[in-house]
Amino acid sequence: MGDFPIQISTRLIDRLTEDDEKVKKRTKKTKTRVPREPRLPETKVDQPQISDGSEQQKGTSTGTGWAVPPPLFMPVNQPPYSVSAELDAIRSVVKESENVVEKLRKQEKNMVQEVTQKAKDLHDKEFKIPEPKPMPCSVESNAWVTCYKENTNDLTKCAPLAQNFAECARRVRQLAKPADK
């Protein structure tokens, strides 16, 4: 697209101020030419044109009594800037961001490994199957049970083995009572 200045003319202002009424064709009036002010050099883009209203604006007045403002000039070209410098700055920021993301990923990976290991250790400690305690008096119990199986007709032969088992069971109960209290 071509760059061009935009000017607001009195004719445009007249057309905008009318109340959309269609006016009959008027006879063309000849206007006396008023010498225009010489164009001022364009101001920089950073310095906007601001009028405080203390100066009287020059121009012809329209039929409605409004003063015509001076033409508004838009900057034709924007000041050149270094595109490559901006791109280099953006690329360096992106590179730094990528490095930070990579460090965070490594840190996350290490933390995940640590947490997994700690969870496994805790699980092993918490849910470890206890070592089975040996059955007290198991030897005596096995001895009298086998004796009863062998001597089904004469059970009196197994009486001493049964007494040994009963004494052992009594001792175990006595040892367990103080621990329960």
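Which residue forms a salt bridge with aspartate 88? Select arginine 91 and you have the partner: the closest N and O atoms of the two residues are 3.7 Å apart. The term salt bridge stands for a side-chain nitrogen of Lys or Arg within 4 Å of a carboxyl oxygen of Asp or Glu. Before you go on, note that this is a predicted model, where local features need pLDDT of at least 70, side-chain atom pairs count only at pLDDT 80 or more, and totals for chains, interfaces and linings use all residues. Residues are numbered from 1 along each chain as its sequence is written, and side-chain values use heavy atoms, with hydrogens and water left out.

**Stop one: helix α2**

Stay with this pair for a moment. A search of the whole structure finds 1 salt bridge. Both arginine 91 and aspartate 88 sit in helix α2 (residues 83-126), 3 residues apart, about one turn of the helix. Helices here are DSSP runs (H or I, at least four residues), numbered from the N terminus. Arginine 91 counts as exposed because its relative accessibility is 53%, while aspartate 88, at 44%, counts as partly exposed. For these words, buried is under 20% relative accessible area, exposed is over 50%, and partly exposed lies in between (1.4 Å probe, protein chains only).

**Stop two: the aromatic rings**

Now select Trp144, Tyr148 and Phe165, which form one aromatic cluster. Rings of Phe, Tyr and Trp (its six-membered ring) pair if their centres lie within 6.5 Å; planes under 30 degrees apart are stacked, over 60 edge-to-face, and the rest tilted. That rule gives 2 aromatic pairs. Tryptophan 144 and tyrosine 148 have ring centres 5.1 Å apart and planes at 80°, so this pair is edge-to-face. The two are 4 residues apart in helix α3 (residues 138-150), so about one helical turn separates them. Tryptophan 144 is partly exposed at 22% relative accessibility.

Next, keep tryptophan 144 and look across to phenylalanine 165: their pair is tilted, 5.8 Å centre to centre with 50° between the planes. Because tryptophan 144 lies in helix α3 and phenylalanine 165 in helix α4, the pair ties together parts that are 21 residues apart in sequence.

**Stop three: helix α4**

Finally, select Arg170, Arg171, Arg173 and Lys177, which gather in a patch of positive charge on the surface. Such a patch joins like charges within 9 Å, using residues with over 30% relative accessible area and no salt bridge. Zoom in on arginine 170, found in helix α4 (residues 159-180); with 45% relative accessibility, arginine 170 counts as partly exposed.

Note on methods. Patch = residues over 30% accessible without salt bridge, like charges linked within 9 Å, V, L, I, M, F, W, Y side chains within 5 Å. Areas by Shrake-Rupley, 256 points an atom, 1.4 Å probe, with all protein chains shown as cover. Lys, Arg positive; Asp, Glu negative; His and termini not counted. Charge placed at Lys NZ, Arg CZ, Asp CG, Glu CD.
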